[in-house]
Amino acid sequence: MTNTSAAAFDVALFGEAMLLLVADRPGPIENATAFHKRTAGAETNVAIGLSRLGLKVGWASRLGTDSMGRALLAAMQGEGIDCSHVICDASQRTGFQFKGRVTDGSDPPVEYHRKGSAASHMGPSDVDEAWLRSARHLHATGVFAAISDTSLQAAIKCMDVMRAAGRTISFDPNLRPTLWSSPETMRHWINELASRADWVLPGIEEGLILTGETTPEGVARFYRQLGAKLVVVKLGAEGAYYDSDVAGTGRVEGFPVKEIIDTVGAGDGFAAGVVSALLEGRTVPEAVRRGAWIGARAVQVLGDTEGLPTRVQLEEAGL
């Protein structure tokens, strides 16, 4: 393992940020008359979660110079995240999305407007290898890989650079089937990326789609056989199942939730909890428990990041 004691960042991430417009009332999005403005993006959610816990985080992306891009950049900088490798291009536009509201605890409807966005133009040339290697860990998701052919190649390059440097890599499949040309293409590339990661974090439904297995144990075994040192299968309210080199196998119970407001972002909160704890040297069960706690917080608020805790809140919870 390469010595990373002098690393500039704890975690580096590449990915698309989008402006999120959340409907002010339940029902079809088209019936909403007002929206709350938030940030969105799998990688940015995790970046914010990690930064709030006191880790040094670097995020690379492309944004337009439109009002949405300016708002997103200011929000990320306001979270203390290094944005020195975010390119703002006046010739490109920033992606955005609408999100509806539900009252039954189900996944809310989401409508994306990201095709041809600034971030989708990212490619291997956007990967500054020296900057990337200045982090001791890379967190990657299947979303960045899915938004364009060039972003897929950039995602592969990021993981290959960090593997060659002896850094650890976590990967959340975070499936977006509508962004891929076919389910077969999605399965191929997501599993190809997962084979490059040390820690793989699929949800149980994602795992069933990607592996053909029918149990958390089977899903975990599939990715362990691809080379993962740790697989954590998220089981929603039931917690999570893990299979690892150092801690064997086990389950962590979920945290009770009084009311589910919005399920979007829970998996990103879970990832922030697991990754932060492992980078701090916590045990696998402790890391998974932290992830489950943050995921439970995330579903009780309207936006993707409002439930992500600070370090003080984490310590008050004994996690």
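Author: Begin with burial: 56% of the 319 residues of the protein count as buried. Keep in mind that this is a predicted model.

Reader: How many helices and strands does the protein have?

Author: There are 11 helices and 13 strands.

Reader: What does the radius of gyration say about the protein?

Author: The idea is to compare it with the value for a compact globule. For 319 residues that value would be near 20 Å, and the protein has 18 Å, which agrees. The C-alpha trace spans about 50 × 45 × 45 Å along its principal axes.

Reader: And which share of the contacts joins residues 24 or more positions apart?

Author: Counting contacts with a separation of 6 or more, such pairs account for 70%.

Reader: What does the surface consist of, and where do the charges lie?

Author: The protein exposes about 13000 Å², and 50% of this comes from carbon and sulfur atoms. As for charge, it has 31 positive and 38 negative side chains, with the centres of the two sets 3 Å apart.

Reader: Where does asparagine 174 lie, and is asparagine 174 buried or exposed?

Author: Asparagine 174 sits in the loop between β9 (168-172) and α6 (183-194). Its relative accessible area is 9%, so it is buried; the cut-off for buried is under 20%.

Note on methods: Residues are numbered from 1 along each chain as its sequence is written. This is a predicted model: local features need pLDDT of at least 70, side-chain atom pairs count only at pLDDT 80 or more; totals for chains, interfaces and linings use all residues. Side-chain values use heavy atoms; hydrogens and water are left out. Helices (H or I, at least four residues) and strands (E, at least two) are DSSP runs, numbered from the N terminus. Buried means under 20% relative accessible area, exposed over 50%, partly exposed in between (1.4 Å probe, protein chains only). The radius of gyration is taken over C-alpha atoms; the globule rule is 2.2 Å times the number of residues to the power 0.38. Contact means heavy atoms within 4.5 Å. Accessible areas come from the Shrake-Rupley method with a 1.4 Å probe; for residues, only the protein chains shown count as cover. Lys and Arg count as positive and Asp and Glu as negative; His and the chain ends are not counted. The place of a charge is taken as NZ of Lys, CZ of Arg, CG of Asp or CD of Glu.
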